[in-house]
Amino acid sequence: VAKDAGRNRYSYFTPALQRAALNRMRLSNDLRDALAAEGLQVVYQPIVDLRRGHICKAEALVRWHHAERGPVPPAEFIPIAESSGLILEIGEWVFRQAVQDVLRWRTELDEHFQISVNKSPVQFHSEAGMHTRWLRQIVEAGLPGDAVSLEITEGLLLEGGDNASQQLMALRRAGLSVALDDFGTGYSSLSYLQRYEIDCLKIDRVFVHELEPGSKALALCRAIITMAHELGMTVIAEGVETARQRDLLASIGCDLGQGFFFARPMPAAALEELLRQQGGPRPA
Ligand code: C2E
Ligand code: MG
Ligand code: MG
Ligand code: MG
């Protein structure tokens with residue numbers, strides 16, 4: 001029909017668009033099945049204290065190994081999960097895993113260890129009291145709030161309104177920390193930092209990638225770190241891939257680093273092994 005009806009009338013419904021829509025629909029259905037069949041995995045990427053050199057936290061990152069397509073990157077399926085609403089269940093599932101794992105690690109390996117979990121804006125918008133579920137899980141696990149850090153994006157602050165801001169305040173009152181992910185990309189309006197209570201900035205890896213002595217990136221990172229410290233926030237550099245980047249970041253006072261130079265995201269058991277080798281936190 002589309003063909004006979006002529007190009008103008010149906011030009012928006014091109015085969016390429018149709019394929020893309022179909023692909024999203026299939027992925028969305030497969031993702032739902034994967035979640036039900038325990039086909040998702042949580043991996044953890046170490047976050048390293050740059051001053052003392054030990055792993056002090058880890059970021060939980062979801063993985064999906066599709067039966068036919070192989071691994072599908074979160075950058076591809078998270079947006080699909082957000083638009084279908086499935087992100088709510090996925091998010092709860094990831095959070096539950098992370099809480100169980102950090103409880104074990106704190107009990108057995110390092111009583112100060114922290115877990116960092118990404119939260120989609122959709123998770124804050126779905127109901128006014130979403131955060132009380134998260135708090136309940138932490139309390140029921142017998143964990144203090146400061147065992148958990150939540151990574152949010154500017155998108156939440158941009159459109160979040162009072163509801164998001166109240167949830168964030170309640171979470172912080174319970175001791176959780178809030179990290180602003182991918183800082184420096186997007187709009188990065190500094191007014192967010194005035195309006196919302198943020199504990200930590202994660203410098204996006206595009207800046208870290210360009211770090212060289214005398215580079216603009218270095219000046220920007222230094223300025224971000226100075227500003228953050230003035231405001232009582234800590235800084236994590238994302239995407240640290242070389243010793244040189246690590247050294248430059250340490251030289252400008254960056255608190256924490258995360259990236260392939262230290263370790264790739266790994267299954268819980270592998271992180272546990274690393275923590276065992278490390279033998280507890282280093283003295284200050
Ligand atoms: P993000 O939160 O900024 O996570 C960091 C991403 O950078 C991860 O990609 C990680 O594997 C990657 N990365 C870490 N170190 C390096 C490095 O040295 N070089 C490079 N090139 N990349 C590095 P990943 O796991 O593919 O996740 C992509 C994004 O998907 C995350 O970005 C986050 O926004 C989202 N995401 C992942 N898991 C979850 C989740 O459980 N819930 C939600 N809402 N979003 C998630
Ligand atoms: Mg993150
Ligand atoms: Mg990030
Ligand atoms: Mg990022």
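**Figure 1. Meet the shell around ligand 1.** Ligand 1 is surrounded by 21 residues, and the closest are Arg-63, Asn-118, Asp-181, Glu-241 and Phe-260; a residue is near when one of its heavy atoms lies within 4 Å. The model is predicted: local features need pLDDT of at least 70, side-chain atom pairs count only at pLDDT 80 or more, and totals for chains, interfaces and linings use all residues. Residues are numbered from 1 along each chain as its sequence is written, chains are lettered from A and ligands numbered from 1 in the order in which they are written, and side-chain values use heavy atoms, with hydrogens and water left out. By class, the shell holds eight nonpolar, five polar and eight charged residues (Ala, Val, Leu, Ile, Met, Phe, Trp, Tyr, Cys and Pro are nonpolar, Asp, Glu, Lys and Arg charged, and the others, Gly among them, polar).

**Figure 2. Where the shell residues come from.** Strand 2 (55-66), helix 3 (74-84) and strand 6 (177-183) each bring at least two residues to the shell around ligand 1. Strand 2 gives the most, with four residues. Helices (H or I, at least four residues) and strands (E, at least two) are DSSP runs, numbered from the N terminus.

**Figure 3. Polar contacts of ligand 1.** Here we look at pairs of N or O atoms within 3.5 Å. An oxygen atom of ligand 1 lies 2.8 Å from a polar side-chain atom of Asp-181, and a polar side-chain atom of Glu-238 is 3.1 Å from an oxygen atom of ligand 1. The protein buries 82% of the 800 Å² that ligand 1 exposes when taken alone (Shrake-Rupley method, 1.4 Å probe).

**Figure 4. The magnesium ion (ligand 2).** Glu-59 (OE), Asn-118 (OD1), Glu-151 (OE) and Asp-181 (OD) coordinate this ion at 2.0 to 2.2 Å. Donors are N, O and S atoms within 2.8 Å of the metal (3.2 Å for Na, K and Ca); water is not among the atoms, so sites may look incomplete. Along the chain, the donors of ligand 2 follow the spacing E-x58-N-x32-E-x29-D. Asn-118 belongs to strand 4 (residues 114-118) and Glu-151 to strand 5 (residues 148-152), so the pair ties together parts 33 residues apart in sequence.

Figure 5. Asp-181 (OD), Asp-182 (OD) and Glu-238 (OE) coordinate ligand 3 at 1.7 to 2.7 Å. Asp-181 bridges the magnesium ion (ligand 3) and the magnesium ion (ligand 2), which lie 3.7 Å apart. Asp-181 is in strand 6 and Glu-238 in the loop between strand 8 (234-237) and helix 12 (243-251), so this pair ties together parts that are 57 residues apart in sequence.

Notes: Polar contact = N/O pair within 3.5 Å; in protein donor to acceptor, adjacent residues only side chain to side chain.
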